[in-house]
Amino acid sequence: MEKKRCSPQLAGKLSGLVFLLSFCFHLLIIECHQESSRTRMTRYLSTDQPPSPSRPSQFDSQLKKILLSVILGILTGLSGALLCAYVVRCLFRYMNRTPVLKGPVTFSPKIAPKTLQSALATENHLLGSSSNGKYYRTVLDNGLTIAVKRLEPFESGSPERQNKSVKRRIQQELERLASLRHRNLMSLRAYVRESDRFSLVYDYVPSGSLEDAMARVRENQLEVSWEVRLRIAVGIVKGLRYLHFECVPQILHYNLKPTNVMLDAEFEPRLGDCGLAKLMPNLDRATSGYTAPECFQNCRYTDKSDIFSFGMILGVLLTGRDPTDPFFGEAANGGSLGRWLGHLQQAGEAMEALDKSILGEEGEEDEMLMAVRISVVCLSDLPADRPSSDELVLMLSQLHSF
């Protein structure tokens with residue numbers, strides 16, 4: 001841990017204080033010496049006898065008393081100053097500590113705390129569930145439709161102090177996430193702290209998630225062109241670039257997958273659950289198929305781990321297949337969507353991986369083949385071999401004009 005150093009202003013003040021004390025000591029010594037000389041001279045004149053050199057000098061005694069008094073005064077002052085500084089520091093730390101709030105905390109003027117509280121108490125429509133909570137749709141008294149995500153409850157066996165620490169940490173992170181503003185991010189409009197969990201409030205997106213859209217595509221209930229899919233990919237990576245490069249400190253998504261990518265009416269993507277997985281230590285991401293290998297090997301998560309997840313999403317957009325499809329376990333040289341794509345690319349057979357419903361003009365096929373290469377490099381086993389989100393925006397934007 002790096003030791004804290006005194007600032008130049010503080011060092012200057014301390015040097016001045018030491019100089020002043022030394023000067024005072026010098027004056028005291030001179031004054032005591034003059035006083036002792038006057039006393040001895042007075043005695044000599046009154047008695048007509050020279051001062052006896054064998055008599056103990058009162059000068060040394062007086063000087064010792066004065067020095068002892070000054071030293072004791074300085075020690076007492078320094079002790080009092082240090083104690084006062086410690087008390088003030090503890091007081092400021094306590095005042096600056098985020099309190100554990102109860103009830104609704106809103107960040108939008110359209111949402112009143114009392115209205116939100118009453119709406120959550122009523123029966124809500126279940127939209128879906130994920131590894132860290134369930135989504136509900138509810139309507140406020142003013143007619144505003146919102147999406148509410150109820151996170152998983154805290155561990156009931158945790159001590160009260162630990163529970164408060166976890167709640168305060170989650171609350172601080174939610175306050176930070178509420179300040180994020182980007183067209184490709186889901187904005188946190190409010191949150192509610194209940195006795196054992198948090199409920200998060202977002203804008204309601206009627207089009208659902210990317211997972212819902214791709215499921216309908218696989219069932220031939222929806223057609224999504226390559227142009228729309230590429231626009232979704234660009235929007236996702238632009239949201240990542242904002243989190244990775246424009247937020248200070250950097251924000252990692254931790255749980256990027258199609259269920260956390262919401263689509264508006266124009267199929268513009270919005271990333272949801274940004275950073276929430278960091279607050280959920282018991283979250284199991286192993287079964288999602290979108291988590292980077294280094295997260296399991298050494299429990300290390302970086303911005304390149306988000307890039308791996310994006311590479312999987314891009315692969316899903318290109319192939320239309322789900323990463324958990326048993327097909328990948330049975331495919332030759334496969335085992336996963338990424339390895340399957342990499343094998344086909346090396347063999348020059350990447351066209352076989354593309355979703356047949358998006359095959360169109362020759363120019364689009366060239367864009368899709370280039371996108372397959374981008375997906376494969378994003379799915380590299382080594383994080384250093386993956387591009388950054390900033391580089392990906394340029395790479396994907398060059399495929400088409402956005």
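Start by selecting strand E5, residues 188–193: five of its six residues are buried, so the strand is mostly covered. Buried means under 20% relative accessible area, with a 1.4 Å probe and protein chains only. Strands (E, at least two residues) and helices (H or I, at least four) are DSSP runs, numbered from the N terminus.

This is a predicted model, in which local features need pLDDT of at least 70, side-chain atom pairs count only at pLDDT 80 or more, and totals for chains, interfaces and linings use all residues. Residues are numbered from 1 along each chain as its sequence is written, and side-chain values use heavy atoms, with hydrogens and water left out.

**The neighbours of E5**

E1 and E5 run antiparallel, joined by four bridges. Two strands pair if DSSP finds at least two bridges between them. Click Pro104: Val192 in E5 stands opposite.

Follow the chain from E5 to E6 and you pass through a hairpin of four residues.

**The largest cavity**

Rolling a probe the size of a water molecule over the atoms shows where empty space is left. On a 1 Å grid over the protein atoms alone, a cavity is a set of points where a 1.4 Å probe fits but cannot get out; a pocket is an open set with protein on both sides within 12 Å along at least five of seven lines; lining residues have an atom within 4 Å of a point. Grid points are joined across faces, edges and corners, and a volume is the space filled by probe spheres set on the points.

The structure holds two cavities of 30 Å³ or more. The largest has a volume of about 110 Å³. Select Leu177, Met186, Leu188, Tyr202 and Cys274, which lie nearest its centre among 13 lining residues.

Move to helix H10, residues 337–346. Its buried residues include Trp340 and Leu344. Just after H10, Gly348 takes a positive phi of about 70°.

The largest pocket has a volume of about 470 Å³. Select Ser336, Gly338, Arg339, Leu379 and Asp381, nearest its centre among 24 lining residues. H10 gives the most to this lining, with seven residues. Helices H7 (294–297) and H8 (303–319) each supply at least two.

How values were computed: Buried means under 20% relative accessible area, exposed over 50%, partly exposed in between (1.4 Å probe, protein chains only).
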